[in-house]
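Please read the points with the coordinates open.

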Amino acid sequence: MKLQQKLVLLTTLSKALMAVILLLALPWIVETLALRHTDASLRSEQQRVMRRIGQIGITSFLTEPYPNQKVHYDLLQDEFIELRHAVGTQSDTVATLPRQQHGELVDFRVLRHTFALEGQRYTVEIGKSIASVEDVYALLRSLAAYALAFAVLTTLLIELGVINYLLRPVDQIVERLRAVQGPMPAPLPPLPTTTSDFKYLDATIRRMLQKIRLVFEQEREFIANASHELLTPVSILQNRFENMLQAENLPEEAEQQIVTSQRTLHRLTATLRTLLMISRIENEQYARNDQVVVRQVLHDVVAELEDRIADENLTVDWALEGEPTIGAANGSLLFTFFYNLLSNAVKYNHTGGQIRISGQQLAGQPYTVQLFNTGKPIPAEHLPHLFERFRRAGNAHSAEGYGLGLALVRTIAQFHALRLQVASSEQGTTFTIWLPATPLSA
């Protein structure tokens, strides 16, 4: 999972957890706030009542026929004010108490206040029905729920946008690294970002790529020079061995040793020529002026291998759809490319085995060529290193060559923008080649 996805998931889960906690606590919070608001309203009403009593006197309220108590309800009986003579000593309280409403006992929020006036003690009670307060509860709960949802969604969207903006340089760095094909990446411009950490990471990666490019150029130059320089003394040695074989009275044992040495020199020459070819391909010293028909090249390769295929009693099956072509290519290199692959399919197959050459193009996908052989499977631990130089799969033919055939295949594939993949199982080994979707420039 990408870093951006993890941060988005973390932000979403944290917001969801916060929303759940607030929703669970919302009824208690709303009830507490509503009761506090109601209590504050009752106290404000009590102050107005006390000011009114101070203005017109208490006798204006306690009149006949109820000189000791006066109760006044509003029209809907949701609120009341009661004034009476106090009995004993009572402290001021605010509580939920039952009171009559339309002939029934219902809960009221009641403020009780005791005061002294003209040598007498009185109690005033001001109440508001809980039912009317619950209407406020419902309104506040709805408003709070909407406000909470809006706040959570707004902050979530803002944070997602900020995360996407802040991590955009990471995506750009990853895309740059994915675009690097081979050890010769083009120089990259500095990443446009104001974050110092990303600047340091980008600068480090660019220095690393530049160092890889420099080291690879030195290695490639050394291999090209060494291969070229070694070919001359190897050719001289071959000529000397041939002259020695033509000598009269040459002992048979010496003749066998010379022949063995010639074979070794022949393999060394082939290796040097392959290294030199790889170096020239990497230096793009080959032209791409050909329009190559893949079917024709494969037929030419199979014809070249016809004797070896017959010796191993192999069957070649064809299932190549359409007429795939590679534009702006080098026909000679592509012949070598398919020759090495099919030569290995013959070499590592078993007697009476099968080679299947197939190809198809799915909608919206590049043309795919598959070369399958029924040979011994390649161990899974060797597959990632199969196209590396001087690496072999440890089979019975490991004494032949030096493991450069598939390295050359990979170099030619990169030169023509071919994508190459290998898979191996008990049924056999399959090399899959994706042809370029668009022709390369010559």
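**Notes on the predicted model**

1. Patches consist of residues with over 30% relative accessible area and no salt bridge, like charges being joined within 9 Å and nonpolar side chains (Val, Leu, Ile, Met, Phe, Trp, Tyr) within 5 Å. Asp107 belongs to strand E4 (residues 104-117) and is partly exposed, its relative accessible area being 43%. Buried denotes under 20% relative accessible area, exposed over 50%, and partly exposed in between (1.4 Å probe, protein chains only).

2. This is a predicted model, in which local features need pLDDT of at least 70 and side-chain atom pairs count only at pLDDT 80 or more, whereas totals for chains, interfaces and linings use all residues. Residues are numbered from 1 along each chain as its sequence is written, and side-chain values use heavy atoms, with hydrogens and water left out.

3. A nonpolar surface patch is formed by Ile158, Val162, Tyr165 and Leu166, which together have about 400 Å² of accessible area. Val162 is part of helix H2 (residues 130-166) and is partly exposed, at a relative accessible area of 40%. Helices (H or I, at least four residues) and strands (E, at least two) are DSSP runs, numbered from the N terminus.

4. In helix H6 (residues 294-304), the buried residues are Val294, Val297, Leu298, Val301 and Val302. Viewed down the axis of H6, these buried residues fall within an arc of 135°, so they line one face of the helix. The arc is that of the directions from the helix axis to the C-beta atoms. An α-helix has 3.6 residues a turn, so residues three or four places apart point the same way.

5. The structure holds 9 salt bridges, each being a side-chain nitrogen of Lys or Arg within 4 Å of a carboxyl oxygen of Asp or Glu. In one of them, Glu82 pairs with Arg84 (3.0 Å, N to O). Glu82 is buried at 9% relative accessibility, and Arg84 is buried at 18%.

6. Arg84 also meets Glu125 in a salt bridge (3.0 Å, N to O). This pair links distant parts of the chain, with Arg84 in strand E2 and Glu125 in strand E5 (residues 120-129), 41 residues apart. Glu125 is buried at 1% relative accessibility.

7. A salt bridge also joins Arg295 and Glu323, with the closest N and O atoms 3.1 Å apart. Arg295 lies in helix H6 and Glu323 in the loop between E7 and strand E8 (325-329), so the pair ties together parts that are 28 residues apart in sequence. Glu323 is exposed, with a relative accessible area of 52%. Elsewhere, salt bridges with shared partners connect Glu82, Arg84, Arg99, Arg112 and Glu125 in one network.

8. Which backbone angles deserve a look at Asn313 and Ala417, neither of them a glycine? Asn313 has a positive phi of about 55°, and Ala417 has a positive phi of about 60°. Most residues other than glycine have a negative phi. Asn313 sits in the loop between helix H7 (306-311) and strand E7 (315-320) and is exposed, at 52% relative accessible area. Ala417 occupies the loop between helix H9 (405-415) and strand E11 (419-425) and is partly exposed, at 38%.

Definitions and conventions:
Accessible areas come from the Shrake-Rupley method with a 1.4 Å probe; for residues, only the protein chains shown count as cover.
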